[in-house]
Amino acid sequence: MSQGVVDAATLKRMLHDGGEIALLDVREEGVFAKGHMFLAAPVPLSQLEIRVPVLVPRRSTRIVVTDGGEGLAGRAAATLARYGYGDVSVLEGGLQAWIDAGHEVYTGVNVPSKAFGEYVERHDETPRMEAADVKARADRGDDMVILDSRPLAEYRKVSIPGAIDCPGAELAYRVHDLVKSDATLVVVNCGGRTRSIIGAQSLRNAGIPNRVVALKNGTMGWHLAGFPVDNGKDRMAPPPTEAGLRKARESAARVAGRFGVRFLDAAGLDAFLREEDARTVYLLDVRSPEEYASRHLRGSVSAPGGQLVQTTDTYVAVRNARLVLIDDHGVRATMTASWLMQMGWDEVYVLREAQAYGEWVSEPPAPEVLGLADVRCERISPQALAALSIEGASILDLDSKPRYRDGHIPGAWHGIRANLARNLARLPAGGGIVVTSADGVVAMLAAPEIAAITGGDVRVLEGGTQAWRAAGHPMEEGETRLTDDTDDVWVKVHDRTENRDQAMKDYLSWEVDLMTQIGRDDDAGFRRYPIAE
């Protein structure tokens, strides 16, 4: 078992030596977004036991933990070692040491994916169309279809009038039944830029005969141009017809040939799984979340293809791991594989005849949470808490600040698990503590820590705040009682309530400027493939 400290120069070499490595930044997401390394995956210490089993499934993986120099990395490394991760190091000096070594630091979240979108637009010359041009064509009734490449939940929040929801990897799979003819103009949009670009280029790579463009700056550009948006719509692209599926398969075959997509048979996957102690294997189901929920390969993770490309660092944290993509007809897996390969992932495979492999189940996977089974704590039901006179006691909510603001138990304080020692000092003196979180999991993990700090009575709300709400008990809104001013999450631009237009402009400029940053850095590893004749 190896634990130690590495300096910035050593970490730089490790990131480029071709071996498997996970670089984990354990600060809260909002702090991470203010500055981090290109290849760092955000894994807040507050949720380490929940996120790491999925992001770093192999216990012998080489891991380097980093922070802002405030000591979180050492705490995280100790936790990882306690649960069997045997090759964990801490970056000496944290992010500042990386900066002092002259290396690039990035703001925002999902930076590798966002930068990749800009790279694709630049090198593939993906055509784009201004919002005013698209609006004029829509008003004239031109032969045009607008496809929104985001997940349905994002589409429902805000969409362009008339747009049809068709998330990223679904585009080449479903588009053929959505166009009237080869003359139909296809416009692909997202919230900002990345999924518009990748979606439009996916259809171009697939070789559909239609003219395809990305809506410049997506729904943000549409809104900033002064055009109205829709809310709460449910226009979804239907599954392909038999004829549409035939065309989709032909498109996928063209993409597989052009990009050299590799396919894996059952024997090949079995061989990979026998080597899981030495090599990390991710089984990623790139179909829609609904299809995954209906039936999926046991041991696989739901990773819709468009989102896997858009937010890769939230699904896989081990560089140079093996990624095995799963779907039914192979179209979505092939399209997704082609993008991951261009992003710099060397070992990406599409599982052939995936639905004939292994055991397919309908029950949701039971998430592994490190140490949860060993937690011993007193619990209290929502009904008992509602009936209990807790005068002198405090309720501590460890959910995210935005969710706390949107609704929490009346009288509850908000805290951040990683900062418990100083947060608890802000609570009223005396009395016990009832701790809650969204579903109660973080609260259970935190309960022994709170007891060790306070030496007092600690109880966990069964089922968390979700159970309280579901039982019909009253909720309180607003940031009424905060114990911590740390930004624990990065708030999406569309969800912001103040200066939103300026935030949109700043965000779009940030995306474009990523091309300049990666030009000064050697960590991106993006690749160009020759255009097929």
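User: How many bridges join strand β22 to strand β23, and which way do they run?
Analyst: Three bridges join β22 (residues 433–436) to β23 (residues 458–461), and the two run parallel. Strands here are DSSP E runs of at least two residues, and helices are H or I runs of at least four, numbered from the N terminus; a pair needs at least two DSSP bridges. This is a predicted model, where local features need pLDDT of at least 70, side-chain atom pairs count only at pLDDT 80 or more, and totals for chains, interfaces and linings use all residues. Residues are numbered from 1 along each chain as its sequence is written, and side-chain values use heavy atoms, leaving out hydrogens and water.

User: What's the strand order in that sheet?
Analyst: β19-β23-β22-β20-β21, an open sheet of five strands with parallel pairing. β19 (378–380) and β21 (413–414) each have a single partner strand, so one side of each lacks a neighbour in the sheet.

User: Which helix packs on the sheet?
Analyst: Helix α20 (residues 441–454), which touches β19, β20 (394–397), β22 and β23; contact means heavy atoms within 4.5 Å. Its direction makes about 165° with that of β23, using lines fitted to C-alpha atoms (for helices over the stretch in contact) and N-to-C angles from 0 to 180 degrees.

User: Switching topic: how many disulfides?
Analyst: Zero in the whole structure, counting cysteine sulfur pairs within 2.5 Å. For Cys166, the nearest cysteine sulfur is that of Cys190, 14 Å away.

User: Is Cys166 buried or exposed?
Analyst: Buried, at 1% relative accessible area, whereas Cys377 is partly exposed at 24%. Buried is under 20%, exposed over 50%, partly exposed in between (1.4 Å probe, protein chains only).
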